[in-house]
Amino acid sequence: MESGRAIQLISVDPDTGKFQIEDEAIQVLTGGSSNLSLNHSNNGLPNSDNLEENENKIAIVGIAGKYRTGKSLLMNLLSGNTENNFEVSASVKACTRGIWIYSEPITIKKEDDQIIDVYVMDSEGLGGVDKDQNYDVQTFTLAMLLSSFFIYNSTGVIDENALNSLSLVTILAQRIQNLEDEEDVVHLINHFPTFLWVLRDFVLDLRDDEGNEITPDQYLEYVLEETDREPEGHNEVRGTIKRFFPERYCATLIRPSDDERDLQNLRSDPDLLKPEFVDQINDLRNFILNQIQVKAIGDIGLTGTDYVSVVMKYVEAINSGVIPKIEDSWVAVVENQLSNGYSKGLKVYEEDMRKFEAEYIPCNEDELSKAHKGIMQAAIEIFLEITKDFDNQEKQEAYDTLQENIEQIYEAYRKANNEENEEKLTELINAMYRERILGKDFTSIDQYMKAWGEFQDAFLLQGGNLEKFSAQSCYKIWCEFSQDKIRDGCSKMERKVTMKSGLKEKQMEVEIDKYKTMMEVKQTDPRELEKLESEIHFLREETRKYQKIEKDLKDEVIACRELLDSKDEEIDTLNEKLTNMRRQRDKFEPPAISLEGKEPTKSRWFCMF
């Protein structure tokens, strides 16, 4: 597994001076999903399709301060990593550009058993010779707003120079006050992080005016008291710090090494650090991890993907020259969590249905419907759990879309399952048809129709006894198969009877003509003539008899056809009823409809779909 390393979260375009979030940081914060990148066509939001997100909420320890004051070294030590960490050098130029994070979080478990991934974030030093004040304000604003625990790093005591270094907070305050809606101001300040002022290379004893020993926190409150003897600007800084950071702390650190040469090599050789300094760092690290809370917007704790959405909104606002609005970030988080809930719910449904398909399909349609509803219930519960922190129209729309897409997927499974079932039923009915109908020679319509009736009973019994075929499926296949076959059989029987009747009639006409000829030859013998006339009369009666039989058979065929045709409307009605029954059965949380022990109505004319 690749070890952690410092990666850039926000860089600055050298040509435009605009801030931009780096794709690599997106990959790290969202759990490494390869398809996540900055998607400018989606309102600057990350593309969350097929998202594989780390479920842990995150917290950010950020830092700001003047350049060349040891910020990066401090963040390296707090991260607990000594390799591939934030750059530290001995030059007079700022070595950190933009904002960076360490790729491997510190995973902690809070008292409420919540698992939090804590990321350490380093920012470019303030007051660099090649940067102006506006750039410093922008960098400070981003570092502060993106943190849930914010460290301001300075050296020595909090004096006039130290307060001067924080004068940019008053500029930030002025820009915040320029927000048109006072509610936006309140929301923004309420989302400011916990504040920790770290005093580096601190060697003084902390005592009050009476000489009593005090804590670093008490020292901070003491120096933040506004007095008449201080310059007005310093009092404004004090007031702004107290307003912006109601939860604030202070910590002091001794010099990490007394040897100037060692200070230049601390990044490569941490063993050069004073043991007392290392103890202070460990205490500070434990304090921060105990105090830190999940980065949140409103009441919603952020995951890595939520955080990326917020970063993009903040960067977009800063690049536009305005102070970020919490409302915009809230919308981004809501959109991301809805997308996340939708994606995870749909993924669960797809995966579980694939497992069911591999093990059970083809199956009885009722069993498929039961599995669908159970899996859908699980998918919906996942969606509702992920989106439980809010309830709005967008959530309802995402919920409806999830249900609609699940129903579409289910309909594809149902269709495929039915096709496979129907294929097997078709094989069965064709085999029985060859045995019971096709291989027989029927001499009458009654005989033919009786055979079909026995065929129907045998097929429905045999098909219905197979567990994977429902009674509805068997009837559907029967009707689709039998209707045309019966019509075709009736037509063939009609042709056969007509042909035989016509042939017999012609034969009788030949016999009559033969007897007439014989009568002409034997005119002189009255007895022979009487006999021939009797034969001719018999033949004529037989001809009329066969003509009547032919007519009756044709009438039967016509009646059969008319009866079959009259069933078309009934078939359509039954089809519609079955469709409605299926919809009711497959509906999410439907009323209880039990078909157990009930047989669909049978028609001796084989016409139920």
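This is a predicted model: local features need pLDDT of at least 70, side-chain atom pairs count only at pLDDT 80 or more; totals for chains, interfaces and linings use all residues.
Visitor: Why is Glu 124 called buried?
Guide: Buried means under 20% relative accessible area. Glu 124 has 2% relative accessibility, so Glu 124 counts as buried.

Visitor: Where does Glu 124 lie?
Guide: In the loop between β6 (115–123) and α3 (133–145).

Visitor: What makes the approach of Glu 124 to Tyr 135 a polar contact?
Guide: A polar contact needs a pair of N or O atoms within 3.5 Å, one able to donate a hydrogen and the other to accept it. The side chains of Glu 124 and Tyr 135 make such a contact at 2.4 Å. The side chain of Glu 124 also reaches the backbone nitrogen of Gly 98, at 2.8 Å.

Visitor: How do you know that β3 and β6 pair?
Guide: Two strands pair if there are at least two bridges between them. Strand β3 (residues 57–65) and β6 have five bridges, in the parallel sense.

Visitor: What makes β4 and β5 partners of β6?
Guide: The cut-off is again at least two bridges. Strand β4 (residues 99–102) has three bridges to β6 and runs antiparallel to β6. Here Ile 99 stands opposite Ser 123. Strand β5 (residues 106–109) has four bridges to β6, also antiparallel. Here Ile 108 stands opposite Ile 116.

Visitor: Why is β6 called mostly covered?
Guide: A residue is buried under 20% relative accessible area. In β6, eight of the nine residues are buried.

Technical notes:
Residues are numbered from 1 along each chain as its sequence is written. Side-chain values use heavy atoms; hydrogens and water are left out. Helices (H or I, at least four residues) and strands (E, at least two) are DSSP runs, numbered from the N terminus. Buried means under 20% relative accessible area, exposed over 50%, partly exposed in between (1.4 Å probe, protein chains only).
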